[in-house]
Amino acid sequence: MTTDILCNDGNKTILIEEMYLHPPRYGMQHCINVHIKPLTPLLKGNVQVLVIGFGAGWTAAALIEECIKKKCLLELTGLEKNKEVYEQRFKIKPKIESHKYITGEKHDSIKISVTIGDATKMIETLKEFDAIILDGWNELKTPELYSEDFLKKCYDSLTKKGIITINTGSWNVKENAIRAGFKVETLKHGEYESLVGRK
Ligand SMILES: C[S@@+](CC[C@H](N)C(=O)[O-])C[C@H]1O[C@@H](n2cnc3c(N)ncnc32)[C@H](O)[C@@H]1O
């Protein structure tokens, strides 16, 4: 069961599994602050990025937008557990040009592959990435995505200079990421925080 919600930036999101798919207060800007800005220095040449919690592809669209701007070749892999959420990409389209590549349009320098499945089970079957965007629900609803064990699997799936962006500023998650091997920085975005982990 889904309910449509209007975000403050005019984009429409949904309430699903008793959670907002995107924070109505910040909308698209949340994806950009938490995930895209920290990854921007990495977007040169060929980049391989994994999005965990692909959802309706808002974060992926913001990443594609930046890659097209910077003329880099992006190979984007997405993992999404809930097929119904992934289908929402046709319904809740954010006002960002590159979202059309999430719903089927092709671009020469962007390759996208999304798999419906549980990231905790699938991550080890994938190759290495330059960056991982970890965009699960949160530490309470999906603790398995923020555990030391899963973050260690993310660490092992990153190239030597790989980066992970995490949609929480939680101390517990920060400690889990440090124990998993990351050098972790907390980013402040006004009222909320997020984490960036580097190898
Ligand atoms: C905050 S939403 C992500 C929003 C999305 N990144 C976007 O741009 O539209 C969290 C997503 O994580 C997915 N998820 C939760 N547990 C997961 C798991 N174990 N593996 C893969 N996806 C998962 C949920 O179904 C949900 O779509």
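Where does Glu-124 lie? In this predicted model, Glu-124 is found in the loop that runs between helix H4 and strand E7 (129-134).

**View 1. Glu-124 in the loop between H4 and E7.**
The C-beta atom of Glu-124 has 9 others within 10 Å, and the residue is therefore exposed, the limit for this class being 12 or fewer. Val-114 is 10 residues away from Glu-124 along the chain, and the C-alpha atoms of the two residues are separated by 16 Å.

**View 2. The shell of residues around the ligand.**
The ligand is surrounded by 23 residues, of which Gly-53, Gly-55, Trp-58, Lys-81 and Ala-119 are the closest. At least two residues of this shell are supplied by each of helix H2 (58-69), strand E5 (73-80) and helix H4 (119-122). Sorted by class, the shell holds 11 nonpolar residues, eight polar residues and four charged residues.

**View 3. The largest nonpolar core and Val-49 within this core.**
This core has 50 residues, and the members that touch the most other members are Val-49, Ile-52 and Ile-132. Helix H2 gives the largest share of the core, with seven residues. When residues up to four places away in sequence are left out, the contacts of Val-49 are Leu-63, Leu-74, Leu-76, Phe-129, Asp-130, Ala-131 and Ile-133.

**View 4. Helix H1 (residues 28-39) and what covers its buried residues.**
Helix H1 is mostly covered, with 10 of its 12 residues buried. The buried residues are Met-28, His-30, Cys-31, Ile-32, Asn-33, Val-34, His-35, Ile-36, Pro-38 and Leu-39. The elements that cover them include helix H2, strand E7, strand E8 (158-166), strand E9 (183-189) and strand E10 (192-198).

**View 5. Helix H2, its buried residues and the residue just after its end.**
From its first C-alpha to its last, the 12-residue helix H2 reaches 17 Å, which is close to the 16 Å expected at 1.5 Å a residue. Buried in H2 are Trp-58, Thr-59, Ala-60, Ala-61, Ala-62, Leu-63, Ile-64 and Cys-67, and among the elements that cover these buried residues are helix H1, strand E4 (46-52), strand E5, strand E6 (110-116) and strand E7. Just after H2, Lys-71 takes a positive phi of about 55°.

**View 6. The open sheet of three strands, E1-E2-E3.**
The strands pair in the antiparallel sense and follow the order E1-E2-E3. Strand E1 (3-6) and strand E3 (19-20) stand at the edges with a single partner strand each, so that one side of each has no neighbour in the sheet. Four bridges join the antiparallel strands E1 and E2, and Thr-3 stands opposite Leu-15 in E2. These two strands form a hairpin with five residues between them, and in its turn Gly-10 has a positive phi of about 95°.

**View 7. The loop between E2 and E3, with Glu-17 and Glu-18.**
Strand E2 (residues 12-16) pairs with E3 in the antiparallel sense over two bridges, and Met-19 in E3 is the bridge partner of Ile-16. Most residues other than glycine have a negative phi. In the loop between these strands, however, Glu-17 has a positive phi near 50°, and Glu-18 has a positive phi near 60°. Glu-17 is partly exposed, because 15 other C-beta atoms lie within 10 Å of its own, whereas Glu-18 counts as exposed because it has 8 C-beta neighbours inside 10 Å.

**View 8. Strand E10 and its antiparallel partners E8 and E9.**
Strand E8 is joined to E10 by four bridges in the antiparallel sense, with Ile-163 standing opposite Arg-198 in E10. Seven bridges join E9 to E10, again in the antiparallel sense, and Tyr-192 in E10 is the bridge partner of His-189. The hairpin of E9 and E10 has two residues between the strands, and in this hairpin Gly-190 takes a positive phi near 70°.

Key. Residues are numbered from 1 along each chain as its sequence is written. This is a predicted model: local features need pLDDT of at least 70, side-chain atom pairs count only at pLDDT 80 or more; totals for chains, interfaces and linings use all residues. A residue is near a molecule or strand if its C-beta atom, placed from the backbone, lies within 6 Å of it. Ala, Val, Leu, Ile, Met, Phe, Trp, Tyr, Cys and Pro count as nonpolar, Asp, Glu, Lys and Arg as charged, and the others, Gly among them, as polar. A nonpolar core is a set of buried Ala, Val, Leu, Ile, Met, Phe, Trp, Tyr and Cys residues joined through C-beta atoms within 7 Å. A residue is buried if 20 or more other C-beta atoms lie within 10 Å of its own, exposed if 12 or fewer, and partly exposed in between; C-beta atoms are placed from the backbone. Two residues are in contact if their C-beta atoms, placed from the backbone, lie within 7 Å. Two strands pair if DSSP finds at least two bridges between them. The expected span of a helix is 1.5 Å times one less than its number of residues.
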